[in-house]
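Trainee: I've just opened this one and could use a guided tour. Can we go through it piece by piece?

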Amino acid sequence: ARFGKKLINNPFGKSSKERAKEATEKGIIAFLEGNWELAKKLLTRSARKNTKPIINYLAAAHASNELGQTKDAQTLLKKAYESTPESDFAVGIAQTRIQIQQEKFEAALATLVRLKKLQPQHPFVLRQLKVVYLKLEDWQQVIKLIPLLRKELKEDETELKELELHAWNQLFNQKAEEILNRNQIDSATEVLAALWKTAPDKLCSEVSLVKTYAEQLIKVNQSAEAETLLRITLNQHWHTDLAALYGTVQGASPSEQLLHAENWLKERPNNAILLLALGRLSLQNQQWGKALEYFEASKRMHHTKESMAELCRLKLRMKKPQENLSPLLEELIELMGLPKLPLPK
């Protein structure tokens, strides 16, 4: 009699909990296959009968988000938390994923900061904080996070160094923009110098960071300080990128600047970049003949667009009618890589 009663109550021979379990399993498979609509439908319907509905709600929330149903995703996250309040951390992780996918980076940051207080060394939290800080261009926080990424996640040291260097470069750019926007030119040198002092010693000898620091000094009208920085650095560590920039910066004394650069030439007589820089420094000193010689020497060492353009510009201004500039101009045009097009003969 009892057997018959069971069949009447459940003609399929399965309890509601068993059916919920099967629906959940099918829903998870649909979720893994990317069938978001079916996944959401199966997981949501079976959640109420599942002994641990949090899994259903979290996966259904992800599926809703993939379908662009953001309000449903938030509702399902709320249900997940209400079903299992002690799983606040798991719900927070799911919420962070959804917020980042929706490009709500400020909201994601707020969630991640809360999660970090719960578990300061959690790998997911640290990785997502890196993603969010980069998206928000919060370079100071990226820099602060790097020691944790190094210690807790054991991330690749080369990649971490690149990230740290990138963050410091961007921070200098950002600081210079702030100085200009706030019209703080009078304190620009002190502000950028203070930032430079906080940079790690190992990065202060990196060419890209020195170059960025110098470029930002120039941007905020502190060219004399940029010249000093570049000169001191080049005396200690030679690099053509810095030499090229030195040729464009206007120091306190153009004549002394030219002399410093000519001293470097004694050890590097065939350096095309230095010769180009010397030509430009000669122009600053209005030594047209010397500038012409340096530009021609630079061009002989290495044909570059800059050396040839400088030569053309100077020769045109010096008005040497006896010279035919056509070959030089044709060479410059060819080096520019212009597309081949019909031209008048």
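Trainee: Where is Gln102 found?
Mentor: Before you look, note that this is a predicted model, where local features need pLDDT of at least 70, side-chain atom pairs count only at pLDDT 80 or more, and totals for chains, interfaces and linings use all residues. Residues are numbered from 1 along each chain as its sequence is written, and side-chain values use heavy atoms, with hydrogens and water left out. Helices here are DSSP runs (H or I, at least four residues), numbered from the N terminus. With that in hand, Gln102 sits in the loop between H6 and helix H7 (105-118).

Trainee: Is Gln102 buried or exposed?
Mentor: Buried means under 20% relative accessible area, exposed over 50%, and partly exposed in between, using a 1.4 Å probe and protein chains only. Gln102 has a relative accessible area of 19%. So Gln102 counts as buried.

Trainee: Which residues is Gln102 in contact with?
Mentor: Contact means heavy atoms within 4.5 Å. Leave aside the neighbours within four places in sequence, and the partners of Gln102 are Asn65 and Thr70.

Trainee: Asn65 and Thr70 take us to H4 and H5. How do H4 and H5 pack, roughly parallel or roughly antiparallel?
Mentor: Two packed helices are described by the angle between their axes and the distance between the axes. The axes are lines fitted to C-alpha atoms over the stretch in contact, and angles run from 0 to 180 degrees between N-to-C directions. Helix H4 (residues 53-66) and helix H5 (residues 70-83) have axes 8 Å apart, at an angle of about 165°. Angles under 35 degrees count as roughly parallel and those over 145 as roughly antiparallel, so H4 and H5 are roughly antiparallel.

Trainee: What about H6 and H8, roughly parallel or roughly antiparallel?
Mentor: Helix H6 (residues 88-101) and helix H8 (residues 123-136) have axes 12 Å apart and an angle of about 25°. That angle makes the pair roughly parallel.

Trainee: Which residues of H8 make the contact with H6?
Mentor: H6 brings Phe89, Ile93, Thr96, Arg97 and Ile100. The H8 partners are Phe124, Val125, Gln128 and Val132.

Trainee: Moving on to H16: which helices do its buried residues pack against?
Mentor: In helix H16 (residues 254-267), the buried ones are Gln257, Leu258, Ala261, Glu262, Trp264 and Leu265. They cover an arc of only 155° around the axis, so they lie on the same side of H16. Leu259, Lys266 and Glu267 are exposed on the other side. The buried residues pack against helix H14 (223-236), helix H15 (240-246), helix H17 (272-284) and helix H18 (288-301).

Trainee: Which residues does Leu234 touch?
Mentor: Leu234 lies in helix H14 and is buried, with a relative accessible area of 2%. Not counting residues up to four places away in sequence, Leu234 touches His239, Leu242, Ala243, Tyr246 and Trp264.

Trainee: How far apart in space are Leu230 and Val249?
Mentor: Leu230 is also in helix H14, buried at a relative accessible area of 0%. Leu230 and Val249 are 19 residues apart in sequence, and their C-alpha to C-alpha distance is 9.3 Å.

Methods
Helices (H or I, at least four residues) and strands (E, at least two) are DSSP runs, numbered from the N terminus. Angles under 35 degrees count as roughly parallel, over 145 as roughly antiparallel, 65 to 115 as roughly perpendicular and the rest as oblique. The arc is that of the directions from the helix axis to the C-beta atoms.
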